[in-house]
Amino acid sequence: MSQEVRGVISRSKGAPVEVTTIVVPDPGPGEAIVRIQSCGVCHTDLHYREGGINDDYPFLLGHEAAGIVEQVGEGVTDVAPGDFVVLNWRAVCGVCRACRRGRPWYCFNTHNATQRMTLTDGTELAPALGIGAFAEKTLVHAGQCTKVDPAARPAAVGLLGCGIMAGLGAAMNTGNVTRGDSVAVIGCGGVGDAAVAGAALAGATTIVAVDTDSRKLDWARTFGATHTVNASETDPVEAIRAATGGFGADVVIDAVGRPETWKQAFYARDLAGTVVLVGVPTPQMQIEVPLLDVFGRGGALKSSWYGDCLPSRDFPMLTELYLQGRLDLDAFVTEEITLDQVENAFDRMHGGDVLRSVVVF
């Protein structure tokens with residue numbers, strides 16, 4: 001039988017979100033119902049509300065979540081009712097060309113639930129990133145559920161479901177930061193600070209955090225930044241070079257995703273260094289760089305999709321590091337809120353007042 005639960009939806013572009021009743025169907029083959037315990041308020045949810053993803057309204061927002069599996073459909077064997085899981089939006093298919101080549105973190109055919117949740121009048125909802133976790137319960141593909149140690153605090157490890165994994169992975173997976181490397185991170189919100197933390201975990205000895213907000217630079221220091229640069233006062237390229245012996249950083253991570261920050265990253269890296277773009281640009285943005293500079297500086301120019309993570313590999317490992325006290329996921333949780341405070345959380349996010357607001361059920 002279907003269930004009625006409360007959830008946060010966006011009905012039209014730019015309109016305030018609302019809490020309403022949604023209908024969750026029984027799980028079909030390969031699907032699971034998860035009782036949500038926590039869900040972070042991510043910039044991507046705001047992009048959905050503002051029409052920056054598509055116009056498939058109404059949206060059921062929320063995707064950065066942890067919870068308990070309540071029901072599973074036919075053929076589901078990897079998770080069972082009672083499992084504590086972190087949800088992911090890249091459930092690998094196992095059969096596409098990337099998966100067949102042994103690179104499932106690039107899976108080009110990721111799974112979502114086949115059925116749609118609805119409003120009580122039958123209107124179908126589009127779940128954000130195929131999850132829709134600003135709700136007491138949600139329906140997902142079972143492959144979107146990754147079991148982790150149930151000793152972990154849901155509000156903290158749930159953040160691995162999106163932004164924190166994106167930042168950690170940009171450093172550890174895409175950037176391949178290793179012992180003794182120098183790293184610069186441009187943009188020190190939640191994703192950027194996670195990249196700082198990832199660089200520190202990987203053994204980087206010099207970590208330069210760049211932002212225009214002194215509050216965010218203070219946060220970056222708590223995650224392992226050894227140097228900070230206020231880009232509203234100082235040329236970040238020159239400052240990064242000064243902090244790295246005049247050469248530039250081995251890896252520069254752009255967690256903003258604008259043409260000007262990407263070019264700063266490009267010129268702030270050492271010869272043969274790596275640029276990692278993890279901030280998401282808008283469709284109209286373009287860059288213009290002399291091709292000779294691209295050739296002459298060597299190295300690699302990369303984009304990081306979801307931190308190039310493999311949830312089944314990375315989520316349990318990072319949860320264990322959290323439980324060991326080696327990865328402070330709690331520090332990313334600025335405040336815990338209720339469902340009816342999501343709209344206010346968007347305002348606080350826009351003002352740069354929080355790393356993460358987390359809805360807790």
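**Overview. Aromatic ring pairs in the predicted model.** Nine aromatic pairs are counted under the rule that rings of Phe, Tyr and Trp (its six-membered ring) pair if their centres lie within 6.5 Å, with planes under 30 degrees apart counted as stacked, over 60 as edge-to-face and the rest as tilted. Because this is a predicted model, local features need pLDDT of at least 70 and side-chain atom pairs count only at pLDDT 80 or more, whereas totals for chains, interfaces and linings use all residues. Residues are numbered from 1 along each chain as its sequence is written, and side-chain values use heavy atoms, with hydrogens and water left out.

**View 1. The edge-to-face pair of Tyr48 and Phe59.** The ring centres of Tyr48 and Phe59 lie 4.9 Å apart, with 70 degrees between the planes. This pair links distant parts of the chain, 11 residues apart: Tyr48 belongs to helix α1 (residues 43-49) and Phe59 to strand β4 (residues 59-60). Helices (H or I, at least four residues) and strands (E, at least two) are DSSP runs, numbered from the N terminus. Tyr48 is buried at a relative accessible area of 7%, and Phe59 is buried at 1%; buried means under 20% relative accessible area, exposed over 50% and partly exposed in between (1.4 Å probe, protein chains only).

**View 2. The stacked pair of Phe223 and Phe332.** The pair is stacked because the planes of Phe223 and Phe332 meet at 25 degrees, with the ring centres 4.3 Å apart. Phe223, in the loop between α6 (214-222) and β13 (227-230), is 109 residues apart from Phe332, in the loop between α10 (311-323) and β17 (335-337). Phe223 is buried at 9% relative accessibility, as is Phe332 at 1%.

**View 3. A cluster of aromatic rings.** Trp105, Tyr106, Phe108 and Trp305 are joined into a cluster by ring pairs.
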